[in-house]
Every structure is written in structure tokens, then in C-alpha cells.
Protein chains: 2
Amino acid sequence: MIDLDDVRAAARRIAPYVARTPVLRREIGAGAELFLKAENLQATGAFKLRGAFNRMLQLPEGCAGVVAHSSGNHARAVAYAGRRLGLPVTVVMPSDAPPGKSAAVEAQGARVITVGSDSEERRVRALTIAGEEDLYLISPYDDKEIASGQGTAALELVEDAGPLDRFYCPVSGGGLISGCATVLSALGDAEVIGVEPESGDDTRLSLAAGERVTSPPPKTIADGLRVRVPGERVWPMIKALVDRIETVTDRELMDAMAFALFDLGVVLEPSGAASLAVALREGRGRCGVLLSGGNIEPDLLAEVAQLGPRLHTPGNLGSAAGP
Amino acid sequence: MIDLDDVRAAARRIAPYVARTPVLRREIGAGAELFLKAENLQATGAFKLRGAFNRMLQLPEGCAGVVAHSSGNHARAVAYAGRRLGLPVTVVMPSDAPPGKSAAVEAQGARVITVGSDSEERRVRALTIAGEEDLYLISPYDDKEIASGQGTAALELVEDAGPLDRFYCPVSGGGLISGCATVLSALGDAEVIGVEPESGDDTRLSLAAGERVTSPPPKTIADGLRVRVPGERVWPMIKALVDRIETVTDRELMDAMAFALFDLGVVLEPSGAASLAVALREGRGRCGVLLSGGNIEPDLLAEVAQLGPRLHTPGNLGSAAGP
């Protein structure tokens with residue numbers, strides 16, 4: 001378990017390296033006001049940079065380098081942080097990662113090792129490399145410093161948007177939602193709603209069972225939400241602080257991405273639009289919505305663009321500093 | 001001529017209605033730092049809302065309604081402001097305006113009248129309607145209150161980004177650049193660079209001639225930059241405050257739009273990417289870049305998406321509040 005002080009400490013630690021992303025505002029339907037934390041505008045295009053910096057700024061003395069396993073955005077974040085901090089980085093990526101994501105990692109000067117598409121396989125491979133080469137493993141989510149770092153996104157959101165009734169957040173391994181839920185529960189009484197793909201609902205099943213449940217490899221366009229079991233270290237926080245899980249279909253993700261393009265003016269990847277999809281479906285009151293990332297392949301973005309506008313109400317978008 | 005006090009007054013006047021848009025930061029090439037004012041994230045997706053509110057908040061007593069002529073974004077802004085302020089709105093739009101733009105205007109409850117594609121034709125028609133129906137004409141650019149309102153974008157940019165060496169701004173009729181140049185010249189010594197489409201370079205020709213020159217109807221994908229002659233009332237400010245004009249091709253606009261999608265995470269329309277295209281080509285030092293709008297048709301957005309990433313440097317985007 002982490003607490004608000006851990007997140008506040010992380011916020012101070014990473015401030016020189018990570019951008020304070022804007023909060024966009026949008027009224028939809030009858031009586032829902034969305035405050036959208038645009039982490040797709042973060043450096044490297046996703047929230048993952050927060051946790052990566054918080055972890056990598058606290059490595060043991062004399063650390064020779066780091067290794068990470070990731071479907072893409074964590075890898076990119078660790079590679080970016082490694083370059084900024086002067087640390088050698090190795091990342092283990094799945095063979096079906098979007099080519100743009102692996103290219104972006106290599107562009108930061110990191111070594112990339114490719115394995116199969118299963119998240120367990122790359123986790124084991126990264127552990128092996130860490131042992132063989134004496135590298136420090138940077139977990140993508142199952143680490144309290146990672147969770148504390150990711151929670152800084154929610155801290156900024158609450159500071160900029162004010163009190164919230166609901167908070168929508170994507171869930172994969174659970175690092176982001178556990179850090180954010182820690183903030184939300186300490187600073188108010190917002191309902192915390194996790195969002196998973198319909199075919200990758202391991203956290204939903206785990207909460208129903210009261211213990212961690214592993215799901216089969218999910219089939220979803222949300223390549224960032226394919227972890228098959230909640231992280232062991234973050235699970236107690238998820239169990240204690242997440243009120244419910246909602247699931248989304250690929251079609252709903254596509255529609256939410258089109259809404260983001262034409263009505264918000266921002267680019268989201270499928271995982272990054274998961275929270276928005278549910279907020280558009282059921283949002284009521286003042287809703288915080290974590291837009292987690294925007295790294296998307298050209299073909300998929302073109303397909304989403306062809307869907308055209310998904311206008312919910314006359315445009316009234318603005319930054320939280322606005323009306 | 002307007003001065004900084006006019007823009008400051010406009011900023012106070014429109015603050016309850018218009019969002020303070022974020023400033024994104026990006027290092028490119030060797031030694032250029034871009035501070036990108038993301039007016040595509042403004043309500044209605046473009047800067048035009050600033051001038052429209054500043055003008056419409058100062059109408060004569062008992063005004064029965066307003067009329068505007070526009071290729072799209074000004075119409076959308078006036079329609080939005082009319083709805084917010086309870087004023088009937090009529091807009092004259094060109095027959096070749098993107099259908100999404102006219103639909104967005106009608107969605108705000110405004111009356112739309114369609115004429116040919118030439119900007120002079122719609123200007124004359126709007127004047128006629130104003131006279132016949134006793135409506136107040138809201139000029140898209142040739143009005144000092146419009147220029148003062150648009151200048152608030154530059155005021156926010158300078159407040160958030162600090163001193164600038166250069167400022168890149170699209171030019172059509174000249175309302176935006178005259179308001180912004182007023183701010184830049186009062187608050188520093190940045191070089192003010194206007195950007196026009198290659199085939200619609202009336203402001204470039206006018207500055208070279210020392211007097212207003214009318215160009216033939218331009219052929220460009222930048223549908224917001226088709227005005228054929230600088231506005232009469234804003235021309236003295238353009239002549240006095242704009243240091244030079246650069247032109248861009250459709251191909252450069254497409255590349256800049258792709259850069260915005262994949263490297264900035266934001267959607268720009270062709271006119272909105274004009275300043276970015278030139279900043280990417282020649283930017284040096286601390287460059288302010290006005291991203292003027294993001295209202296784009298699905299087919300064109302899909303075409304741009306297919307271009308894929310235009311990576312200039314490893315990602316280091318952030319809001320101005322960040323590192």
C-alpha cells in the first residue's frame with residue numbers, strides 16, 4: 001500500500017523531467033461534465049513516464065543499467081528516462097507490438113529484445129536478463145514507486161479540476177489505477193471506476209472473486225491493456241480502493257477515439273480511449289477521465305478518422321483553467 | 001491601430017467564455033524550441049472564438065441579432081457565441097466549405113446561407129443581409145475588437161512560454177496576426193513571421209508593394225487561408241508590425257499535420273498547421289507557434305494519418321508548465 005505522501009514525494013521528484021499535462025473540459029449529454037487528463041500529450045505520448053522516472057530516480061548506488069518488459073509505452077518511457085538520466089536500457093517487447101512503438105524505443109538508444117505476444121513470457125525473459133546481466137528490473141506496474149509515480153497524474157487532475165464525483169481509469173496490470181485511486185480516496189470521495197477490454201477482464205473477475213484471477217490472452221485492439229492478472233503488489237490497493245470495473249468493446253474504443261479526434265482535437269490510442277468510452281456511455285456529474293496515451297499506428301488512426309465526428313453536444317471544450 | 005491595453009481589456013472581457021488553451025513544448029533539430037499555442041483545443045476548435053466574443057460582448061443596445069461571413073471557423077465561433085449570449089445568428093458560408101463546418105454551425109442553432117466559394121462574394125452578401133434585416137455584421141477579421149480578441153492568444157502564449165525569439169502565425173485577412181503582433185511587439189522583440197499558402201500570398205505581395213494587393217482566388221487545401229486581400233482596418237498594423245511573410249505548399253501542410261498527429265498528439269486542420277510547417281522548416285531559438293485550428297474533414301484526416309510519423313527528434317513534448 002502507498003499513501004498520498006508517497007505520491008506527493010513522487011510529484012516533487014519527477015517534476016524536472018515530466019510535463020504537467022493539460023486538463024480538457026467537456027460537457028456531454030444531460031448533466032455530465034468531463035475533466036480529461038490528457039496524458040497523451042505527455043512526453044513519449046503516455047503517462048508511463050511518471051512511474052518510470054520515479055523508479056529510476058531511486059536506483060541503488062552503482063546500478064549498471066535497467067531492463068524492462070512492455071507492450072510499448074512503458075518501454076518507450078524507460079528508454080526516454082534512461083537517455084535523460086544516462087543509464088543503459090534494455091527492453092523486452094512482444095513480437096506483435098506496433099512497429100512504431102519499437103522504433104520509438106530504438107530511437108532513444110535502447111537495446112530491444114523481441115519475444116512472443118504473451119505478457120508472462122516477456123516478464124520471465126526480462127527477469128532472466130536482469131539476473132544474467134546484473135541489471136535492475138523496472139516493472140511496468142507491480143512496484144510501489146511505479147504506482148506512486150503514476151498517481152501524480154491524478155494529483156494534477158484533482159488540483160486542476162477540483163472535486164470529482166467519478167474517476168474513470170484504464171486498468172491493465174494496475175499500476176496506474178492503484179496510484180490514482182490512492183489520490184482520489186485521500187482527497188475526496190469520487191467513485192473510482194476501472195476500465196478493461198471485454199475480453200481481458202481479469203481485474204473485474206479478480207474483484208468479483210476477492211482474489212487475483214488470471215484471464216486467457218485477450219483479443220482486443222487495446223494493446224496496452226493485455227496484462228492477464230493484476231500485479232501482486234498493487235492488488236491490495238485495487239481491492240481496497242477500486243469501486244467497480246466496466247468493460248468496453250473494440251467498437252466502443254474506436255468510437256471514443258473518433259470522438260477524441262473530432263470533438264476534443266487530440267489523438268488517442270485504443271488503451272488511451274478506454275476510460276473515455278465508458279465516461280461517454282454512463283458519465284454523470286463531475287467526471288475525471290484519464291486519457292492514458294496516444295501512440296497509435298497510421299493504419300488504425302486512418303480507420304478511426306474515417307468514422308468521422310461523434311458529436312455529443314455543441315462544442316464547449318476548454319482547459320480546466322477556462323470556463 | 002490597437003495597443004496592448006486593448007488586448008488586455010479583451011482578455012478580461014472574454015475570460016468567462018473562452019478557454020485558456022495549453023502551450024505545448026517541443027525541441028526540434030539543433031537549437032530550436034517550439035512553444036505551440038494549441039488553439040485547436042479551444043472551444044469550437046479554433047482561435048476565432050476569442051474575437052467573436054470580444055466583438056459580441058460590445059454590441060449596441062437593442063441589437064436584434066448578428067450576421068457573419070466565413071469559410072467555417074469564424075461562422076462556428078459566432079454561432080457558438082450567439083447561443084451562449086442569447087443572440088440570433090445568421091452566417092453566410094461558401095458552397096465549398098467542408099460539410100462538417102456547416103453542420104457544426106447549424107448544430108448551434110444558427111441560420112446558414114450558402115453562396116459561391118469566393119470570399120468577396122460572401123462578404124457582399126453578408127453586408128446586404130445586415131442592411132435588409134438590421135443585423136450587426138461581425139467581421140471575420142477587419143475590426144479592431146476582433147483583432148484585440150484574437151491577440152489574447154498571443155498574450156497567454158507569452159505569459160506561459162516567456163520571452164520568444166520568433167513568432168509564427170497564419171495570415172488570412174489579418175485579424176489574428178495584427179492582434180498577436182501588437183502583443184509581441186509590446187512585450188518583447190520577437191521577430192513576427194506571417195505564414196500564407198504559396199498560391200494565396202496577398203499579404204506577402206502587399207508588404208512588398210507597401211500597399212494592399214489583391215491576389216487571385218488561391219488553390220490550397222488551407223480553406224481558412226483563402227482571403228484575397230489584407231483587411232483595410234488591420235492593414236496598418238500588419239504593415240507596421242509583421243517582419244516578413246513565408247509561404248507553404250500543400251505538401252508541407254500535410255507533413256506538418258502528420259507531425260502534429262504523431263509527435264504532438266493533436267489534430268490540426270491545414271490552416272492550423274501553416275505556422276508549424278514553417279517553424280519545422282526554419283525554426284531557431286525560442287519560437288512561439290500559433291496552432292490556429294483543428295476542424296478537419298474525415299477523408300483528409302485519414303489521408304494525413306496514412307503519412308505516418310514525421311519524427312524530428314526523440315519525444316520531449318510537454319506543456320509549458322513542464323520541463
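In this predicted model, helix α10(B) meets helix α11(B) through Glu252(B), Leu253(B), Asp255(B), Ala256(B), Phe259(B) and Ala260(B), whose counterparts in α11(B) are Ala274(B), Leu276(B), Ala277(B) and Leu280(B). Sorted by class, the residues of this contact comprise eight nonpolar and two charged ones, with no polar residue. The axes of the two helices, α10 of chain B with residues 250-264 and α11 of chain B with residues 274-282, come within 8 Å and cross at roughly 90 degrees. Because angles of 65 to 115 degrees count as roughly perpendicular, α10(B) is described as roughly perpendicular to α11(B).

Chain B also holds an open sheet of four strands, arranged in the order β5-β4-β3-β6 with parallel pairing. Strands β5 and β6 of chain B stand at the edges, and each has a single partner strand, so one side of each lacks a neighbour in the sheet. From one strand to the next, the twist averages 25 degrees.

Within this sheet, strands β3 and β4 of chain B run parallel and are joined by four bridges, and Val67(B) has Thr90(B) as its bridge partner in β4(B). Helix α5 of chain B, which spans residues 119-133, packs on the sheet and touches β3, β4, β5 and β6 of chain B, while its direction makes about 170 degrees with that of β3(B).

| Strand | Range |
|---|---|
| β3 of chain B | residues 66-69 |
| β4 of chain B | residues 89-94 |
| β5 of chain B | residues 111-115 |
| β6 of chain B | residues 136-138 |

Conventions:
Residues numbered from 1 in each chain as written. Chains lettered and ligands numbered in written order. Predicted model: local features only at pLDDT ≥ 70, side-chain atom pairs only at ≥ 80, totals over all residues. Axes fitted to C-alpha atoms, helices over the stretch in contact; angles between N-to-C directions. Parallel < 35°, antiparallel > 145°, perpendicular 65-115°, else oblique. Contact = placed C-beta atoms within 7 Å. Nonpolar A, V, L, I, M, F, W, Y, C, P; charged D, E, K, R; others polar. Pairing = 2+ DSSP bridges.
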